[in-house]
There are 2 protein chains.
Amino acid sequence: MPTPRTLRTRARILDAALDLFERQGYDATTVNQIADAAGITPMTFFRHFPTKDAVLVTDPYDPLIAEAVGAQPAGLPPLERVRLGLLAALGDITPTEDSTAKRRVALVAQSPSLRAAAAVGTDATQQAIVARLVADGVDRLDAAIAAAACLAATTAALLAWGTAPDDLAVLVRRALAQLAPAGATP
Amino acid sequence: MPTPRTLRTRARILDAALDLFERQGYDATTVNQIADAAGITPMTFFRHFPTKDAVLVTDPYDPLIAEAVGAQPAGLPPLERVRLGLLAALGDITPTEDSTAKRRVALVAQSPSLRAAAAVGTDATQQAIVARLVADGVDRLDAAIAAAACLAATTAALLAWGTAPDDLAVLVRRALAQLAPAGATP
DNA sequence: CCCGTAACGTTAGTCGCTAACATTTGGTGT
DNA sequence: ACACCAAATGTTAGCGACTAACGTTACGGG
């Protein structure tokens with residue numbers, strides 16, 4: 001239960017940061033500048049976001065995705081289970097996007113250092129999926145390969161979405177379709 | 001043409017760093033400690049390695065891989081071209097591994113922050129592949145998806161190799177086989 | 001309208017990394 | 001063997017991300 005005050009400052013930090021990042025670039029913007037623009041102290045910035053890149057990169061979807069993957073038929077090959085699981089989870093995530101999502105993704109798409117930060121989040125998602133599949137008796141390496149490939153394809157679509165007018169769900173479906181077994185409908 | 005002295009110090013830094021990383025962990029080791037152990041100044045460390053993680057993460061293979069991908073039949077779907085290209089490049093890379101390769105990979109496999117650093121390198125490789133495919137008329141998003149998926153699968157195999165007794169080439173072939181169209185031999 | 005508590009500020013410090021300039025070292029050619 | 005010049009290293013000073021401990025403000029519920 002975050003107090004109203006917390007939400008206000010958090011929103012001011014996010015606004016200031018997004019504005020500065022878009023105007024002068026992520027790397028050229030310091031936390032001090034963001035804090036000044038938001039009318040706070042650098043210290044306070046770090047109380048709301050653990051790192052500078054956390055303003056742009058957040059993933060609260062790991063459990064949801066892992067569960068969706070686990071819900072797919074256990075008889076399927078790992079790659080298919082992950083692929084179908086991601087497609088299923090897509091429906092739950094897409095409508096939730098807040099209004100800053102696209103701006104954030106566009107910024108991440110531009111800076112390699114930010115993509116690396118985003119990779120840490122993807123990595124966590126991958127571990128969650130692997131853990132779920134291993135619990136079902138899937139070989140650990142096979143699970144890691146399937147999860148890594150599907151998440152990488154999804155990420156590629158996500159980054160393209162940041163700088164394109166298309167619908168996110170369409171791009172992700174197109175990405176995962178490329179990993180489908182030859183001649184499959186979904 | 002690196003002077004002999006340069007090679008010596010470089011080797012001493014690498015030895016000291018690997019030793020410290022393995023004994024007390026990557027994050028817990030400072031550049032100062034590495035410099036002391038190597039009998040040099042922190043400044044000199046950065047003259048040989050641009051960043052702390054560069055001791056462990058290096059990729060001089062981008063052009064080689066991009067070329068191998070481009071050499072595959074242009075009629076194939078992008079995913080197949082990248083997949084076969086990586087398999088072809090594998091033969092050229094594997095014999096070149098130096099003796100510290102496995103120790104370095106094992107360390108990278110342990111720390112999420114290091115995996116992120118490695119992701120920057122993978123990202124560059126992906127861009128190289130995409131550029132090559134786009135030059136052949138392939139759609140940019142399709143190319144990015146194919147490259148991202150294949151490289152992610154390969155990376156998963158590489159990280160597994162760090163902590164397993166298996167042969168690297170075997171693991172990579174197994175990884176890429178999962179992305180093959182249903183019922184293909186290679 | 002008061003009061004407790006959450007939110008914020010202050011200070012001081014570590015670590016990764018960089019720039020500009022001075023200094024040493026080592027291999028080369030005589 | 002010796003002197004020389006360039007390459008390699010050291011010195012100092014500094015920035016930016018991030019953390020810890022502790023004191024201070026101000027907001028919102030009663």
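Predicted model: local features only at pLDDT ≥ 70, side-chain atom pairs only at ≥ 80, totals over all residues.

Residues are numbered from 1 along each chain as its sequence is written, chains are lettered from A and ligands numbered from 1 in the order in which they are written, and side-chain values use heavy atoms, with hydrogens and water left out.

The C-alpha trace of chain A spans about 55 × 35 × 25 Å along its principal axes. Of the 186 residues in chain A, 48% are buried, a term that stands for under 20% relative accessible area, with exposed meaning over 50% and partly exposed the range in between (1.4 Å probe, protein chains only). Among the contacts in chain A with a separation of 6 or more, 65% are accounted for by residues 24 or more positions apart, a contact being heavy atoms within 4.5 Å.

A:Ala68 lies in helix H4 (residues 62-70) of chain A and counts as buried at 13% relative accessibility. Leaving aside its neighbours within four places in sequence, A:Ala68 is in contact with A:Gly85 and A:Ala89, and its C-alpha atom is separated by 9.3 Å from that of A:Ile129, which is 61 residues apart from it along the chain. A:Gln126, placed in helix H7 (residues 112-135) of chain A, is likewise buried, with a relative accessible area of 16%. When its neighbours within four places in sequence are left aside, A:Gln126 is in contact with A:Ala144, A:Ala147, A:Ala148 and A:Leu151.

Two packed helices are described by the angle between their axes and the distance between the axes. Helix H6 (residues 101-110) and helix H8 (residues 140-162) of chain A pack at an angle of about 105 degrees, with their axes 7 Å apart; here axes are lines fitted to C-alpha atoms, for helices over the stretch in contact, and angles run from 0 to 180 degrees between N-to-C directions. H6(A) and H8(A) are therefore roughly perpendicular to each other, since angles of 65 to 115 degrees count as such, those under 35 as roughly parallel, those over 145 as roughly antiparallel and the rest as oblique. On the side of H6(A) the contact is made by A:Ala101, A:Lys102, A:Val105, A:Ala106, A:Val108 and A:Ala109, and on the side of H8(A) by A:Leu158, A:Leu159, A:Trp161 and A:Gly162.

In chain B, the buried residues of helix H6 (residues 101-110) are B:Ala101, B:Arg104, B:Val105, B:Ala106, B:Leu107 and B:Val108. These residues pack against helix H1 (4-24), helix H7 (112-135) and helix H8 (140-162) of chain B.

Side chains of opposite charge can pair when their charged atoms come close. Over all chains the count comes to 18 salt bridges, each a side-chain nitrogen of Lys or Arg within 4 Å of a carboxyl oxygen of Asp or Glu. One of them joins A:Arg103 to A:Glu22, with the closest N and O atoms 2.8 Å apart, and this pair links distant parts of the chain, A:Arg103 being in helix H6 and A:Glu22 in helix H1 (residues 4-24) of chain A, 81 residues apart. A:Arg103 is partly exposed, with a relative accessible area of 33%, and A:Glu22 is partly exposed as well, at 41%. The side chains of B:Arg23 and B:Asp19 also meet in a salt bridge (2.7 Å, N to O); being four residues apart in helix H1 of chain B, these two are separated by about one helical turn. B:Arg23 counts as exposed at 60% relative accessibility, whereas B:Asp19 is partly exposed at 34%.

Finally, chain B and chain A meet in a contact that takes 26 residues from each of them. Between them the two chains bury about 2100 Å², 66% of it on carbon and sulfur atoms, where buried area is the accessible area (1.4 Å probe) that two parts lose on being put together, summed over both. In chain B, B:Leu141, B:Ile145 and B:Gln178 lose the most area to chain A, together 28% of what that side buries. The count between chain B and chain A is six salt bridges, and A:Arg174 forms a salt bridge with B:Asp139, the closest N and O atoms being 2.8 Å apart.
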